[in-house]
Amino acid sequence: MYGEGFFYQALIYLAAAVVSVPIAKRLGLGSVLGYLLAGVAIGPFALGLVGDEGQDVLHFAEFGVVMMLFLIGLELQPSLLWRLRSSILGLGGLQVGVSAVVIAGIALGTGLDWRSALAIGLVFSLSSTAIVLQTLQEKGLMKTSGGRSAFSVLLFQDLAVIPILAMLPLLAHAGAAHGSGHGGHSTTWVEGLPGWAATLVVAGAVAAIVVGGRLLVRPAFRFIAKARVPEIFTAAALLLVIGIALLMTRVGLSPALGTFLAGVVLATSEYRHELEGDIEPFKGLLLGLFFISVGASIDFAQIVGQPVLIVGLVVALITVKFIILVILGRVFGLAHDQNLLFSFALAQAGEFAFVLLSFATQQGVLSLEITTPLVAVVALTMALTPLLMLINEKFVQPRFGTREKAVREADAIDEANPVIIAGYGRFGTIIGRLLRANDVGATVLEIDSDQVDLLRKFGHKVFYGDASRLDLLRAAGADSARVLVIALDDPERILELVETARKHFPHLQVLSRAIGRTHAYELIEAGLDTVYRETLDSSLRIGFDVMRELGMPAFEALRRTRRFRVHDERALRELSGKREDHKTFIHLVRQQSEELERVLATDSGGLGSDVDAAWDTEGLQREAGEEPGSPSKE
Amino acid sequence: MEAEARSDVLILFAHPAIRSSRVNRQLAGAVRDLEGVTFHDLYEAYPDLDIDVRREQDLLPRHDVVVFQHPFFWYSTPAILKEWQDLVLEHGWAYGHDGRALEGKTLVSAISTGGVEEAYCAQGSNRFSMRQLLAPIEQTARLCGMKYLPPFVVHGTFRLSEGEIEGHAKDYRRLIEGLRDGRVPAAKTAGLTRINSDLDALLEA
């Protein structure tokens, strides 16, 4: 039965993901590597739970990439895209062009026909959008300059797929076996049209997305949202993405590019967050499925059959692409560490290569005996990417960090700052500005490169990078500093940093931002004496102003607010000790509501009624009835 | 009747718990909206005691009469009024060789005490008279070149009836109006233990 088969497949894929991803995460390998390993495990060469249908799943799952680009578009303001134009066209164009030429040259050197060589060059100039972006996002590196550059290049590659698809049939020659006319590629509206008409159709489609996104989507979503049926909103979001993907395919453009554009157009709309929330799980699952299929498609028989050839090709490909990327990164002014990130990220072949290789075979550009090992190379380089980025992060970057430290140490002696601020976003900047205004020297660690550039312009001593990295902390002078301010916005990373600091720099006074109550508990449990809940002060100030607005004298309102604050801090501290180690989500939720109950219970009963005890005149009035001449008080 | 120029009056009011006050709230209410009178509630303006010194030093020269209105806490002012003196009366501005900003102005205390009037004498439980206890403020005024008038005092506040408090509030309003309109001759106040001991005689020039 078909349905049963489908569920059987789903069972295998889901189980593989559920088992391997958490393990990979726990081992610090990242989810992408987890998915890939899951794919290898269930693939035909290990457990053999999935067979050839893995390829179909792969094509289906590629839609996850389309969704990912839609989501990335949603988070990208049009102005930022405009600022990236030179790196998209310049860096991206050069990367594709130079890589294609060099790889083609090498292929030519091995005695291939020039047409086959050029086809291989073009196919292998591309990188894997799915793996790179997912890994960068997971590591929180999308906003670094290296991450942005990688993203720009990938965007250009998405554009480049279209002309490459158009060029491949022209490279057909007698040496390779001829396939059918137009392979698995579906018919498009522009096929057979004269050049100007095709351009017009494409431009029309793009214009339709931009104008439609601006004018039609909002009222449509407003109408749909009014129905108050959440799944219909989800359906509409999916409809939008799938519709645009189909439209793009029809006019011969990359569907990923189309949805990306739609995402950018909708980035400023009020439905941005709903769309993100609705599409995100689909994207996550499909991408996971995609990575699993890539893992499952690695042809180990092929590798075992020609180990020298395959491994040699993998090493050669990664080396060549890496060198070209490093040079281009240098030319485009990337800092050393960012350039390494950028180059390690993009030094693989991408998922487009699967499509292009099979298309090239059908078109008679490449023979099967060439493409079969190449497909294995593509899958292997993709699978190696998360590993390479891990190696960069754990072994290459630290060396760079140490080098940087050695350079800095020379001048660190006379201007060693007593304060280190980790994270310089909305929260950290305020602290930094206050300290700077009062001539308190602070060294700042920040992962956003734009922010770092700006700060350096103003003469701040700033280090790029992840503040929870031990070597970076040391480079920032954690050995001699007195105070570490943690102003990161990711609760997990804050806890990591607290742990690192307490373990390696016990002399540091750690003052940390707490994201919400649960996080505050965790920080107290991690050993911090004081925690700073990020919204507490603003909320209390509003409460204070409300009481004033309603006529309570300011001084009394302030004292009551302060009293509440003291009470709340005490409650936080008391409750944090009584927290158990909760393992399950349900348990966590129940406990949270119980805690809220406890907090609310201690709030009632005239909190603050003794605020004015010192000025309470009732006792004095009573006494005044008995004896004259009380010393003081009205 | 002398036709003196009108004086602008600045009342510096300090009460940390105005809602539980009986006397000061009434006194304040009686003068808060008077024309030519600036009523400045210090605890309301600076609940965190962070006094804006520039603003205060801006305000003072625009007035001729300054009133410290407050309950008598431990023979002194509530904390914020002391803070106000410490911060606002700067050397070189309020006193010292070049400190002449307050010269020639008048300072009056308007005070409520829980103790009855008889307690404020050598034989009473408080052992000193009001004038003696107010010596620090009087001397502060002198050092700033200001005239210091006898205080407006409401004694025995715990035993006052609503009607009596209302009477004091009316007196207070009459005194402030008198100060504003220049109808309180300094000469006639000399020797008074409190300025409101016989307001009718004082104001009926």
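I looked up what the buried residues of α19(A) pack against, and found β1 (419-422), β2 (442-446) and β4 (483-486) of chain A. The model is a predicted one.

I then listed those buried residues of α19(A): G428(A), I431(A) and G432(A). They cover an arc of only 100° around the axis, so they sit on the same side of α19(A).

I checked the length of α19(A), residues 426-437. Its twelve residues should span 16 Å at 1.5 Å a residue, and the end C-alpha atoms are 17 Å apart, which agrees. Just after this helix, I noted a positive phi of about 60° at D439(A).

I asked how many of the twelve residues of α12(A) are buried. The count is eleven, and the helix is mostly covered. The buried residues include P255(A), G258(A), F260(A), V264(A) and L266(A).

Last, I looked at the whole chain. Chain A has 27 helices and six strands. Of its 634 residues, 40% are buried. Among contacts in chain A with a separation of 6 or more, 72% join residues 24 or more positions apart.

Conventions
Residues are numbered from 1 along each chain as its sequence is written. Chains are lettered from A and ligands numbered from 1 in the order in which they are written. This is a predicted model: local features need pLDDT of at least 70, side-chain atom pairs count only at pLDDT 80 or more; totals for chains, interfaces and linings use all residues. Helices (H or I, at least four residues) and strands (E, at least two) are DSSP runs, numbered from the N terminus. The expected span of a helix is 1.5 Å times one less than its number of residues. A residue is buried if 20 or more other C-beta atoms lie within 10 Å of its own, exposed if 12 or fewer, and partly exposed in between; C-beta atoms are placed from the backbone. The arc is that of the directions from the helix axis to the C-beta atoms. Two residues are in contact if their C-beta atoms, placed from the backbone, lie within 7 Å.
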